Amino acid sequence: MLSRASRGEVERVRASLIFSIELLALEAIAVALLTPIGFAQLVTKLAPIIFRLRRLVVACEETLASYVGVETRLAGEFADDRLSIGEIAASSVVATGVLGSAVAWAKPTGGVQFATAPTGLTQIGARLRVLSDARQPVIRVEKYQTDGPSSRFIVYLPGTQNLGVANSNPLDMRSNLQLLAGQSSAASRAVDMALRRAGVGPSDQVMLVGYSQGGLIATHLAQQSRAGQLDYRVEQVVTVGSPIGANSPVSLPRVLSIENKSDFVPHLDLISNPNAPNWLTLEGNVPADAVQSHEMGSYLQIMRDIESTGEGALNDEVQSVVNFATGSATVSYFQLGQGKF
């Protein structure tokens, strides 16, 4: 007679799988930073392993959800570092994986400004570069009114700002590893809080534009939105130099990814981006060293090149991004943090 694993046993297996993914991701990052040639060899070996481990994590979560319905699903949300009882609950400390978690927070900063909608990839990239070059855990939220009761929001998310795992800035290596493992992080929870504080509601449409770790955050929130776990709709994702290839197109809305062929960072997840109707990856090549090839300045040049060659005008995904919002917007900024407020 077949026996059925208990919820606790499945949860222990899930935790062990997440632990293994984080360790493998950490090893890949270390190899990439030290020996780019060794990283290329590592990609072919680890890619199928990490892909299968992530699928096993999903299988564990589906099993947990099937045990006792809504109650188990809520427990799964706790384990995924998300609570469904408002902003305060969403910032609770929940241990996950090898690195644990942290209290996340977001607060308005810099006052309200005004801007017109971007008319091309270059303008989108320029706004993302200004935000990234500031080297502060701050996101930019643009709110556009439409003819109806709903609004459209374009949200710009910067990349990793420190390599630590225990500091006040959630855009750190701990968030990188947790997001690469397919899990929530302090950075993703802080961005979620900021959007809700910016007034994003169920009828609104959101486009998330993320550079490096910002792209990981954008992809994670888009998956949560598509699964009905957020109170707003992420309709479009733009990633710039982000390792998001391990994600399934079915779990995402429309995605446009910009990558530099000379940059190893977009391949840290060890899997190339899928070729799917809702997912377009455009590549450019700005040769430079390991640091400069990943800088936002290099990606801004690629975005200029895409526009100057007319490549973007031929792609529906690019036009969907460029035409996402029109008119003028109110612009607000939110500082992200973890630990003590």
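## Salt bridges and a buried helix

R127 and E142 form a salt bridge, with their closest N and O atoms 2.8 Å apart; the term means a side-chain nitrogen of Lys or Arg within 4 Å of a carboxyl oxygen of Asp or Glu. R127 lies in helix α5 (residues 121-133) and E142 in strand β2 (residues 138-145), so the pair ties together parts 15 residues apart in sequence. This is a predicted model, where local features need pLDDT of at least 70 and side-chain atom pairs count only at pLDDT 80 or more, while totals for chains, interfaces and linings use all residues. Residues are numbered from 1 along each chain as its sequence is written, and side-chain values use heavy atoms, leaving out hydrogens and water.

**Salt bridges**
- The whole structure holds six salt bridges.
- R127 is buried at 15% relative accessibility, and E142 is buried at 0% (buried is under 20% relative accessible area, exposed over 50%, partly exposed in between, with a 1.4 Å probe and protein chains only).
- E317 and R254 meet in another salt bridge at 3.2 Å, N to O.
- That pair links helix α10 (residues 316-322) with strand β6 (residues 254-260), as E317 and R254 are 63 residues apart; helices (H or I, at least four residues) and strands (E, at least two) are DSSP runs, numbered from the N terminus.
- Through shared partners, salt bridges join R127, R140 and E142 into one network.

**Helix α7**
- In α7, 10 of the 12 residues are buried, so the helix is largely enclosed by the rest of the structure.
- Its buried residues include R189 and D192.
- Just after α7, G199 takes a positive phi of about 95 degrees.
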